[in-house]
Amino acid sequence: MEFVPYGRQSIDPADIDAVVEVLRSDFLTQGPAIARFEKALGEAVGADHCLAVSSATAALHIACLALDVGPGDLVWTSPVSFVASSNCALYCGADVDFVDICPETYNMSATALEAKLEQAKAEGRLPKVVIPVHLCGLPCDMAAIGALARTYGFKVIEDASHAVGGHDGNAPVGACAHSDITVFSFHPVKIITTGEGGAATTQDADLAQRLNLLRSHGITRDQNLMTKAPDGPWYYQQVDLGFNYRITDMQAALGLSQLARLDTFVSRRHELADRYDDRLSALPLVLPKRSARTRSALHLYVVQLREDRHVAKHRQIFEALRASGIGVNLHYIPIYLQPYYEKLGFRPGHCPQAEDYYARSISIPMFHGMTFDQQDRVIEALADALA
């Protein structure tokens with residue numbers, strides 16, 4: 001029985017040739033492919049500055065640092081995300097909290113955010129940074145979040161790990177129309193891959209300069225950033241405390257080749273999603289919402305069990321699908337329910353909508369190379385499990 005994974009990278013001969021070309025060159029780590037990838041990605045998403053790094057987690061970390069997040073600061077994010085979305089603030093010594101999700105989009109609720117901001121202002125404890133997460137590739141309501149940022153004075157980092165190739169209706173995700181920095185992931189199950197890797201985009205030249213320093217040990221060869229004249233042509237200075245968060249030329253070459261097929265990848269995901277929408281509509285499921293105004297990158301296709309029919313059988317249905325060779329997954333357990341966060345004082349009930357989502361959601365397979373036969377197997381297995 002063929003196993004159908006929930007996600008899988010798509011590698012073609014052009015990708016392999018691009019990596020082999022780097023392997024045969026003089027540069028394996030830091031070389032010209034990185035600059036080409038950054039330029040192409042920045043142009044694709046409409047950002048003036050793009051910096052490729054070793055992972056989206058690394059990008060989130062240095063994005064927080066570039067915005068001067070530190071001890072005593074507060075960062076808010078969505079509870080329904082991978083733990084990196086909040087861990088990045090803890091790395092900086094800041095405190096974290098979570099804003100509940102919209103039950104229809106599964107993204108951070110702008111209404112819940114506004115209510116939480118009003119309360120935080122009254123208590124004198126507003127966040128320094130808010131990190132909305134474009135779950136499944138669907139853009140958050142960034143216009144509303146951006147308006148709140150201007151009113152309450154916080155900075156915004158878009159966690160677009162799922163959303164390269166998405167569009168908010170006015171600009172591509174990554175253009176930072178309502179944010180300071182956007183972060184992407186290029187893990188193998190994402191829309192495009194560099195193996196491991198990520199990127200940060202921004203329209204702010206000063207932030208880009210800070211991100212550039214932080215991704216490479218805080219070291220510069222730019223005389224304009226040095227504290228004294230160079231001792232010679234070999235000279236460099238460490239002017240900040242940075243990290244080894246650099247991407248390699250091999251990864252960048254793969255990313256550049258993949259980026260050429262970004263529209264193809266996203267279009268195929270929409271074709272599969274349309275087919276799921278049609279063939280699952282008769283089952284007792286809540287199907288994901290898609291807006292005519294925005295374009296989701298459709299990294300994931302998440303179905304929810306109907307509360308009145310199957311919520312008590314969540315695990316049973318999940319295990320039945322796995323037993324049928326369908327690689328379902330669950331994205332995600334609310335972050336604050338993790339043991340580490342419980343030690344920080346978080347308890348069940350903190351974000352009721354997020355917990356309801358967790359109790360009913362299953363991510364079913366969705367990837368560019370998925371065939372209609374594989375999709376039909378998923379649909380049949382899901383119908384059998386629900387019967």
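Buried means under 20% relative accessible area, exposed over 50%, and partly exposed in between, using a 1.4 Å probe and protein chains only. By that rule His162 is buried, with a relative accessible area of 6%. This is a predicted model, so local features need pLDDT of at least 70, side-chain atom pairs count only at pLDDT 80 or more, and totals for chains, interfaces and linings use all residues. Residues are numbered from 1 along each chain as its sequence is written, and side-chain values use heavy atoms, with hydrogens and water left out.

Stay with His162. Its place is in the loop between strand E5 (155-159) and E6. Helices (H or I, at least four residues) and strands (E, at least two) are DSSP runs, numbered from the N terminus. Contact means heavy atoms within 4.5 Å. Leaving aside neighbours within four places in sequence, His162 is in contact with His134, Leu135, Cys136, Gly137, Lys190, Ile191, Ala297, His299, Leu300 and Tyr332. With Cys136 there is a polar contact to inspect. The term covers a pair of N or O atoms within 3.5 Å; within protein, one must be able to donate a hydrogen and the other to accept it, and residues adjacent in sequence count only if both atoms are side-chain atoms. Here a polar atom of the His162 side chain lies 2.9 Å from the backbone nitrogen of Cys136. Lys39 is 123 residues from His162 in sequence, and the two are 20 Å apart in space, C-alpha to C-alpha.

Now turn to the sheet that includes E5. Seven strands form an open sheet in the order E1-E7-E6-E5-E4-E2-E3, and the pairing is mixed. Two strands pair if DSSP finds at least two bridges between them. At the edges are strand E1 (49-53) and strand E3 (95-98), each of which pairs on one side only. From one strand to the next, the twist averages 20°. Axes are lines fitted to C-alpha atoms, for helices over the stretch in contact, and angles run from 0 to 180 degrees between N-to-C directions. Strand E2 (residues 74-77) and strand E4 (residues 129-131) pair in the parallel sense over three bridges. Val75 has Val129 as its bridge partner in E4. Helix H7 (residues 205-214) packs on the sheet and touches E1, strand E6 (181-185) and strand E7 (198-202). The direction of H7 makes about 15° with that of E1.

Next comes helix H3 (residues 56-66). H3 is mostly covered, with 10 of its 11 residues buried. Among the buried residues are His61, Ile62 and Cys64. At the start of H3, a side-chain oxygen of Ser55 reaches to within 3.4 Å of the backbone nitrogen of Thr57. Just after H3, Asp68 takes a positive phi of about 65°.

Helices H5 (residues 110-123) and H6 (residues 142-152) form a pair. Their axes come within 10 Å and cross at roughly 10°. H5 and H6 are therefore roughly parallel to each other. Angles under 35 degrees count as roughly parallel, over 145 as roughly antiparallel, 65 to 115 as roughly perpendicular and the rest as oblique. From H5, Ala110, Leu113, Glu114, Leu117, Glu118 and Lys121 meet Ala144, Ile145, Leu148 and Tyr152 in H6. The residues of this contact divide into seven nonpolar, no polar and three charged. Ala, Val, Leu, Ile, Met, Phe, Trp, Tyr, Cys and Pro count as nonpolar, Asp, Glu, Lys and Arg as charged, and the others, Gly among them, as polar.

Leu138 sits in the loop between E4 and H6. At 9% relative accessibility, Leu138 is buried. Leaving aside neighbours within four places in sequence, Leu138 is in contact with Thr105, Asn107, Lys289, Thr294 and Ser296.

A second open sheet has three strands in the order E10-E11-E12, with antiparallel pairing. Its edge strands are E10 (285-286) and E12 (361-364). Two bridges join E10 to E11, and Leu285 has Leu305 as a bridge partner. Four bridges join strand E11 (residues 301-305) to E12. Five of the five residues of E11 are buried, so E11 is largely enclosed by the rest of the structure. Tyr301, Val303 and Leu305 point one way from E11, and Val302 and Gln304 the other way.
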